[in-house]
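Hi,

Here is the model I promised to pass on.

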Amino acid sequence: MRSEQSHDYDVELLQAVAAHDEAAETALAQLYDRYRLILFGVLVRILNNREEAEDVLQEVFLQVWRRAADFDPNRGRPFTWLVTLARSRGIDRLRSLASRERVAAMSGAEEAADVVSDAATDAIRSEQRGVVNDALSQLPEEQKRLLMLAYFDGLTQSEIAERLGAPLGTVKTRMRSGMMKLRELLSARGQYFD
Amino acid sequence: MVHEDYKEMLAAHVLSALDAADQRVLDQHLSECAECRRELADWENTAASLALSARPVEPSPHVRDRIMSAARREKQDPQPDPRAERDARSQRDPRVVPFRQSRREVWASFGQVGAIAAAVLCLVLIIWIIVLWQQNRALRRNMDFMSRDMRAMQEELNRSNEFVTILSTPGARVASLAGTGPAPDATAQLVYDRTGNAVLMANGLPRVPQGKEYQLWFIVGNRPIPGRTFAPDDVGRGELSIEIPRQALESAVFAVTLEPAGGSTAPTSAIYLRSGL
């Protein structure tokens, strides 16, 4: 499967980066080329500001450069490791920025979000993206919304309850149900992403 | 909380949506529960898949260059810690004298300086206390002298007043006493009124040896009647208030001898002062 080959290749790249030898820089450049679109897309979605997102993207790859040795292929996938790192850095930056005036930036971000070429790697991602969006579309709207608020806005369950004016217990239940449903749908499609 | 409760928290945990208190208890549980840790990886994959719901965006081309050149710099100089870098720089350049103290050393040197300062302060205080104590002693001694002088002056003044008072009463009489053999320079005046109140004021008397005092005598006929004793001061001045016995008022001779302290019933020494007949 293309996905498995991709997984193995990413593991090799991360190990090459961790070695910090002659090939390390090339491996880092390749990881960047393979992940820049997805990671930058996540950061732009979180921060709604290209400059901030580019700054964090640089931080993320420098973190990869320094900490690639922390990645353990027995415990997780390169895709999950990289995406989790980027999302976490993005949320940290979002929280450190004093304002969360995202509405104003929203239209600009939409324009900035140049949709990407269909490079070879992105062809795989496009397929995976289709699977995820398909799964999300099967979730009840309020569950999907909770997952988005938590994942891209970095809100906690209490913050979400406050924002939506919903009881905390309801938020907890819906969040869990939404995640369980998503997990089911993705595993039914044999879909975890590498 | 049972195991299932923790499992239910995992989905929110991978979205980093747990509130702080929940997060703490789950972290504690995860450190102890291998099953939950295994399940966590599955949930992390699910959460990461949400990244694909974001539209892919192309970053500016210069971001790649910036990342690669920063990585290259770090590779060439693998000590990004600025403190370590500074030390390394100072070791490379022999002209640079490293001047870095760890926080503890800084506090330790503060401690040493503090100890020295405290010791100096202590010494200064001790010296100051000694000086003050000596000054205090000297002042008290001076005060003793002064008050003794004042007492003496007061007594002298009282005596003088008494002398004048007696002298100013009607019928007062004054007898002059002159120095004799052992006290050629001594003189004295005895003033007394009709009732016998008298004051003797003497000058130029020799110092008295230890255990001795001068004693006034009233000599009536050949019989000496003892009077009171007195001691002169450092310049040989002595005063005495007395009452002259009635029988000695008219025809007595007044004399002063040196007697054992407290006085004698009969003269035991030569006459130092005596009035004319």
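**What I found**

Chain B has six helices and eight strands, where helices (H or I, at least four residues) and strands (E, at least two) are DSSP runs numbered from the N terminus. Before you go further: this is a predicted model, so local features need pLDDT of at least 70 and side-chain atom pairs count only at pLDDT 80 or more, while totals for chains, interfaces and linings use all residues. Residues are numbered from 1 along each chain as its sequence is written, and chains are lettered from A and ligands numbered from 1 in the order in which they are written.

Reading chain B from the N terminus, the order is α-α-α-α-α-α-β-β-β-β-β-β-β-β. Of its 277 residues, 25% are buried (20 or more other C-beta atoms within 10 Å of a residue's own, with C-beta atoms placed from the backbone). Taking the contacts in chain B with a separation of 6 or more, 56% are between residues 24 or more positions apart (a contact means C-beta atoms, placed from the backbone, within 7 Å).

On the helical side, α1(B) (residues 3–14) packs against α2(B) (residues 20–32) at an angle of about 115°, with the axes 10 Å apart. Axes here are lines fitted to C-alpha atoms, for helices over the stretch in contact, and angles run from 0 to 180 degrees between N-to-C directions. B:Tyr6, B:Met9 and B:His13 of α1(B) make the contact with B:Asp22, B:Leu26 and B:His29 of α2(B). That splits into three nonpolar, two polar and one charged (Ala, Val, Leu, Ile, Met, Phe, Trp, Tyr, Cys and Pro are nonpolar, Asp, Glu, Lys and Arg charged, the others, Gly among them, polar).

For the strands, β8(B) (residues 271–275) pairs antiparallel with β1(B) (residues 173–179) through three bridges, and pairing takes at least two DSSP bridges.

Then the interface: 58 residues of chain A are in contact with 36 residues of chain B. On the chain A side, α2(A) gives the most, with twelve residues. The chain A residues that touch chain B come to 32 nonpolar, twelve polar and 14 charged.

Cheers

Methods. Contact = placed C-beta atoms within 7 Å. Buried ≥ 20, exposed ≤ 12 C-beta atoms within 10 Å, placed from the backbone.
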